Amino acid sequence: MAKSWMQSKGQIAAKSRWLTLVCALALTCTGALQANTLPPTTPNDSEPAQVEIFAVPEASQRTTPPTPTEPAPATAPAVIDVRAVPTEKVTAKRVALLLPLRSENLGQVAEVIKSGFLAAWESEQDDITVNVLESGESGADILDSYQLALAQHDVLVGPLPRAGVSSLIDSGAISKPTIALNSPEPRSPNDPPPSKLPNHLLIMGLSVEDEARQLANLAFANSGSGKKALVLSSNIAWQRRAAKAFALQWQKLCGEVMQQEINSSSGFLSAAGLATLKNLLQLNKIEKNDNADKTDKAADKPADKANDKAAEKMPNLAFIALDSEQTRQLRHAIGYDLPLYGTSQLNRNILTDGQEPDPIGYLDGVRLLEIPWQLQRDHPAVMIYPRLIQEGEQKRSADLERLYALGIDAYRVARALALKPGKGFELDGVTGKLQINIKKDVYSFERISPSAIYRQGRIQLLNPNPQ
């Protein structure tokens, strides 16, 4: 399957260069191309699915300047990649994928999501035409590209930047099924996620905040009578967001939070911060043990009460919004007694066929969430799709694998929305169990990822069927 995918990409690239040249010559002759008009496709019913790539020139590439009576050319969408399926009886549904493919900051991420999206399209075309549009990175460019795509598509996938999702939500422009690939930016650091989203909008990004909330539910259910959680992060932005999300959900469940932040520089936690945390935990432990000794020597009720109070100061578990290397430093400082829960950022390995990663002993006992694409080789959906192909100097990483998987599931959700409009559904996805609810025009999305644990340095699945 992977070989076929690579051959297909080679054919696509060759055809792309030829079509781009043809389009450029045509545009030179005509002097302009309306940015909101998609190039026509005339698929031959006797041929397999067509792949066409068109490059729309930016203003700087025009051979003649616009006249006062000629409308200024739009810069978005700048790139259109059309995947068209020939059809006779059924009118093909049109899906727009809006990504910042030319962005210096997000270009690689966008390309990986695009690869996953199109890999899923190759497997399940079902009279779906996909147009990949350059969205830009700024809020204004994203809104322009969205508006241009809105009239000509049944389902829109994007935007990717958090600020772009916020701009789209604020614009009031959403009137068709739209799948955002990220969460909106909070208006301030202390703002909770929006309780009400525009109609037709699904927020589908892989979010550490969503993981943290799910972990809070899981840890609370596993904690027995002890409901005090140490919530630990560094000063890194994503870690602060995850810690805050866990703490709010834990408190919502009526648990008690003991929150600590340790400064981090170049990936290393502050030695002073680790020492302070170690002393805090040891003092509480010593106080508890001292009171237990007093209880053994004399059956005094006051000693029992003191022991109970000391026990109340000790956390029953810790949520660590840290990466794998920071967790190694934490374990070295505080030991292995405290049960730990963490996000998928604790798994830096890549799931590949026939290869086992080196064991990571310092993570033994840590519970985390991870997507099936990174955890379950025998998952029915995971087995269908080709793995991410490394191109050029691009290095594979766990984060890129997750984004590729996001692209796969984004297409599968978009396909279902296009083929069965207005109906909710469930998907056993490569990023987790997906639940899409639709009531009139109000859409909601939920992802439940499998939980896992490190044993003998290797990550192992705990619940293959999360609820």
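Glu 401 is where I would like to start, and at 0% relative accessibility it counts as buried, where buried means under 20% relative accessible area, exposed means over 50%, and partly exposed lies in between, with a 1.4 Å probe and protein chains only. What I am showing is a predicted model, in which local features need pLDDT of at least 70 and side-chain atom pairs count only at pLDDT 80 or more, while totals for chains, interfaces and linings use all residues. Residues are numbered from 1 along each chain as its sequence is written, and side-chain values use heavy atoms, with hydrogens and water left out.

Which residue forms a salt bridge with Glu 401? The partner is Arg 387, with the closest N and O atoms 3.6 Å apart, and a salt bridge here is a side-chain nitrogen of Lys or Arg within 4 Å of a carboxyl oxygen of Asp or Glu. This pair links distant parts of the chain, since Arg 387 sits in the loop between helix H10 (380–384) and H11 while Glu 401 belongs to helix H11, 14 residues apart. Helices (H or I, at least four residues) and strands (E, at least two) are DSSP runs, numbered from the N terminus. Arg 387 is buried as well, with a relative accessible area of 18%.

Helix H11 (residues 398–419) comes up again with a second pair, because Asp 399 lies in that helix. Arg 348 and Asp 399 meet through their side chains in a salt bridge of 3.3 Å, N to O. Arg 348 lies in the loop between strand S13 (340–342) and strand S14 (367–369), so the pair ties together parts that are 51 residues apart in sequence. Arg 348 is partly exposed at 37% relative accessibility, and Asp 399 is also partly exposed, at 29%.

Elsewhere, salt bridges that share partners join Glu 124, Asp 126, Asp 409, Arg 412 and Arg 415 into one network. By the rule I gave, the count comes to 16 salt bridges.

Let me finish with a strand pair, where two strands pair if DSSP finds at least two bridges between them. Strand S18 (residues 451–455) and strand S19 (residues 458–461) run antiparallel and are joined by 4 bridges, and Tyr 454 has Ile 459 in S19 as its bridge partner. The two strands form a hairpin with 2 residues between them, and Gln 456 in the turn has a positive phi of about 50°.
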